[in-house]
Amino acid sequence: MSAPASNMRSLDRAFDVLTVLQTTKRPLRLADVARASSLHIATTQRILGVLVDRGYAARTADGYTAGPAALAVAHAFMVTDPLSVLAQPIMQQLAASTGFTASLYVRVELSRVLITRVESDNPLSYVLPVGERLPLHLGGAGKVLLAGMDADRRDLVLSSITDVPLARGGTLDLDELRRQLESIARDDYAVSVGERVVGIASVAAPVRARGADVVAALSITGSSDRLDDAAVSAAVAEVRRAAATLGDRVPAAG
């Protein structure tokens, strides 16, 4: 293997370890990190040593966690990311006009991440932290991003799904999920009720850079008691309009 290829492989492995640390909700032992990142323990230990030295990982009595340098990177992203900056006034208006919390998600690999949020005058008792990593196949925003992916990547996500348990009870099977994605791609919005969290509903729409590629999902979220069928019908047009406005202001990639 050539030196550049070897360096790229080492970088890939380091990011694999970082991803494991970012997605866990508790400290992990060395063996747990190695298993989750599919790496040899010795390789994992070397990578963790570098990450700890650089502050991207931390070691406690209970194991390894993400380090404070990861928070600094997140802050730098939040204050410089053009999409987040452009979205703020649009999300503030959306939250004010609908009375529901506005959120913006982007796809990271095969999951979605909340990058910014604007609370309404009726904040949720359930608070999703900015930076939280969530699945694509549950929730309106996730399905909007999944529906907007190219066919190969979407099939990669769907290949790992069988029957998905829903928070409200029951399951979502693969055939029904495919039908939902077709509808979302056609109608440019998604509605979710009690899929991840009981009593929580959302309406989401794709943000398309200059009307082309889906770069984010914009959503409003509220209690299912308030965001009922009548409220959803009124909110769909507002969420789609806000998403289109944001998309028109985002330059196309490349």
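1. Two strands are taken to pair if DSSP finds at least two bridges between them; helices (H or I, at least four residues) and strands (E, at least two) are DSSP runs, numbered from the N terminus. On this basis strand S3 (residues 101-108) runs antiparallel to S10, and 5 bridges join them. Thr-101 stands opposite Thr-221 in S10.

2. The basis of these remarks is a predicted model, in which local features need pLDDT of at least 70 and side-chain atom pairs count only at pLDDT 80 or more, whereas totals for chains, interfaces and linings use all residues. Residues are numbered from 1 along each chain as its sequence is written, and side-chain values use heavy atoms, with hydrogens and water left out.

3. The protein contains 9 helices and 10 strands. Its radius of gyration, taken over C-alpha atoms, is 20 Å, close to the 18 Å that the globule rule (2.2 Å times the number of residues to the power 0.38) gives for 254 residues, so the protein is as compact as a globular protein of that length. The C-alpha trace spans about 55 × 40 × 40 Å along its principal axes. Of the 254 residues, 42% count as buried, that is, under 20% relative accessible area, with exposed meaning over 50% and partly exposed in between (1.4 Å probe, protein chains only).

4. Strand S10 (residues 214-223) also pairs with S9, in the antiparallel sense and over 9 bridges. Within this pairing, Ala-204 has Ser-219 of S10 as its bridge partner. Because 8 of its 10 residues are buried, S10 is largely enclosed by the rest of the structure.

5. Helix H6 is likewise largely enclosed by the rest of the structure, since 8 of its 8 residues are buried. Among them are Gly-140, Lys-143 and Ala-147.

6. A search of the whole structure finds 10 salt bridges, each defined as a side-chain nitrogen of Lys or Arg within 4 Å of a carboxyl oxygen of Asp or Glu. One of them joins the side chains of Glu-195 and Lys-143, at 2.7 Å from N to O. This pair links distant parts of the chain, 52 residues apart: Glu-195 lies in the loop between strand S8 (190-193) and strand S9 (200-208), and Lys-143 in helix H6 (residues 140-147). Both partners count as buried, Glu-195 at 7% relative accessibility and Lys-143 at 3%.

7. The salt bridge between Asp-150 and Arg-153 has its closest N and O atoms 3.9 Å apart. Here Asp-150 is partly exposed, with a relative accessible area of 43%, and Arg-153 is partly exposed at 39%.

8. Asp-188 and Arg-208 also meet in a salt bridge through their side chains (2.8 Å, N to O). The partners are 20 residues apart and belong to distant parts of the chain, with Asp-188 in the loop between helix H8 (174-187) and S8, and Arg-208 in strand S9. Arg-208 counts as partly exposed at 26% relative accessibility.

9. The largest pocket has a volume of about 1200 Å³. A pocket is, on a 1 Å grid over the protein atoms alone, an open set of points with protein on both sides within 12 Å along at least five of seven lines, and lining residues have an atom within 4 Å of a point; the volume is the space filled by probe spheres set on the points. The lining comprises 38 residues, of which Gln-22, Ala-70, Leu-71, Ala-74 and Gly-131 lie nearest the centre of the pocket. Elements giving two or more residues to this lining include helix H1 (3-23), helix H4 (68-80) and S3.

Definitions and conventions:
1 Å grid on protein atoms, 1.4 Å probe; cavity = no way out; pocket = protein on both sides within 12 Å on 5 of 7 lines; lining within 4 Å.
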